[in-house]
Amino acid sequence: METEPVTVQPPAVADTNPPLLHQLAEHLRQNRTDLREEWARRITNAQLLSAMTPEEIFSEVTAVYDNYVDALETGSVETLQAYARDLSERIIARGVETHEVLGIVLLLRDVLARSLFVNYQDDADLLSQILDAYEPAANRIAVTVGVSFVDERERVIRDQQESIRELSTPVLQVRERLLILPIIGVLDSARAREMTEQLLDAIRANRAKVVVIDITGVATVDVTVANHLVQTVEAARLMGASAIITGLSSKIAQTLVDLGVDLSMMKTVGDLQGGLEEADRVLGYRMPEDADDAAPVT
Amino acid sequence: MAVAVLNQRDYLIASIQSDLSDTEVLQLRDDLAERVGTLRARGLIIDVAALDVIDSFVARALRSIAVTARLRGAETVVVGIRPDVAIALVQFDLNLEPIRAALDVDEALEVLDRMALKDGARDV
């Protein structure tokens, strides 16, 4: 018997099935052109991979088919796995869905099984043995491809979350001793904590006295988020900076009142412009239009 | 005790040099309350920059120093709270409102001067 790189298969299967799998792979190689076309046709009929052109589908189909047959024969799914990852990386950006990927792999499994039925229909025993060898290997390949796709997609999602997190908490210095913190998106516990840390570091680095926290870009505010804001404001105060919250929409204000969140400790101003004017007042700059009542503080 | 207390103009500056035991914290509290009265200080600055950790006991003590000092006629400003310490402090379920804070002693002096000016203006 040949020495084969049977790595993942359990020994019992490896002992009995390689010759059969060989025979099977041989058969599939001989009928490569027909089966490949049949598969591509069924993919198109099932309207899978609609985001790709027929030419693209055909070239991917060819590569997947060869990898698939190799994996069937050797029982080693590593090459196929690497290819599936690579393929996923390319097609995720095109909007290909999980059900499409699983669909095409299961279609190929079906196309090949049918061809086996046709080929071995005269010998029921052999057909049964062939199917015994084929089914577990084919199932494993289907699982491998599906898992690779989902893994890849989760990796993309994680990367994107990471960059969103980094992008969305900039602390900007407007003028000496005045910082702006625009918050955009969803404020969860992890992000709120990170944001607070960045803000406090910036307060110390810039010796800020006033911080304007703009939450125009925050879609919803619930009790948790409100408490995060209260804590951020309080922590900033302990660093010697007073915080002004701006951009509370009427809907959010209503929600907060309904929830009974106590924001009396926080200074809030309607919009960013008002917040900056208020900050100037706190810093002791005299505003031209209300020079009479805004006496310089120092 | 590892606390240096300086007298500067109308103000007392207490600089904590190292972590304090609970007994020392209480001693500091009594000591400061006493001195604020005898020196007729109008402001009290507590520098905690050397503290890596402020636990709830110390936080409570700081608050009670601030409240006591106010009753004795001095405003308290805590300076040098580090970012991570500030985050930890706000997680305690503790009302820190009586504690004023500033970045460093310079800032604190400015805050106290401004408050004295306001008070003075009101008195006149």
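Chain A holds 11 helices and 5 strands, where helices (H or I, at least four residues) and strands (E, at least two) are DSSP runs, numbered from the N terminus. This is a predicted model, in which local features need pLDDT of at least 70 and side-chain atom pairs count only at pLDDT 80 or more, while totals for chains, interfaces and linings use all residues. Residues are numbered from 1 along each chain as its sequence is written, with chains lettered from A and ligands numbered from 1 in the order in which they are written.

Of the 298 residues in chain A, 31% are buried; a residue is buried if 20 or more other C-beta atoms lie within 10 Å of its own, exposed if 12 or fewer, and partly exposed in between, with C-beta atoms placed from the backbone. Among the contacts in chain A with a separation of 6 or more, 75% join residues 24 or more positions apart. Two residues are in contact if their C-beta atoms, placed from the backbone, lie within 7 Å.

Let us turn to a helix pair in chain A. Helix H3(A) (residues 32–45) packs against helix H4(A) (residues 54–74) at an angle of about 130 degrees, and their axes are 10 Å apart. Axes here are lines fitted to C-alpha atoms, for helices over the stretch in contact, and angles run from 0 to 180 degrees between N-to-C directions. H3(A) and H4(A) are therefore oblique to each other, given that angles under 35 degrees count as roughly parallel, over 145 as roughly antiparallel, 65 to 115 as roughly perpendicular and the rest as oblique. Residues of H3(A) that meet H4(A) include A:Trp39 and A:Ile43, and those on the H4(A) side include A:Phe58 and A:Tyr65. By class, the residues of this contact divide into 8 nonpolar, 2 polar and 2 charged. Ala, Val, Leu, Ile, Met, Phe, Trp, Tyr, Cys and Pro count as nonpolar, Asp, Glu, Lys and Arg as charged, and the others, Gly among them, as polar.

A:Asn139 counts as exposed because it has 12 C-beta neighbours inside 10 Å. A:Asn139 and A:Arg109 are 30 residues apart in sequence, yet 8.3 Å apart in space, C-alpha to C-alpha.

| Strand pair | Sense | Bridges |
|---|---|---|
| S1(A) (residues 172–175) and S2(A) (residues 178–184) | antiparallel | 3 bridges |
| S4(B) (residues 75–79) and S5(B) | parallel | 3 bridges |

In the second pair, B:Val78 stands opposite B:Ala101 in S5(B).

Chain B builds an open sheet of 5 strands in the order S1-S2-S3-S4-S5, with mixed pairing. Strands S1(B) (3–8) and S5(B) (100–102) stand at the edges with a single partner strand each, so one side of each is left without a neighbour in the sheet. From one strand to the next, the twist averages 25 degrees. Helix H1(B) (residues 22–38) packs on this sheet and touches S1(B), S2(B) (11–16) and S3(B) (43–47).

Finally, the two chains meet through 12 residues from chain B and 15 residues from chain A. On the chain B side, H3(B) (83–91), S5(B) and H4(B) (105–123) give two or more residues, and H3(B) gives the most, with 5 residues. That side has 10 nonpolar, no polar and 2 charged residues.

Notes:
Pairing = 2+ DSSP bridges.
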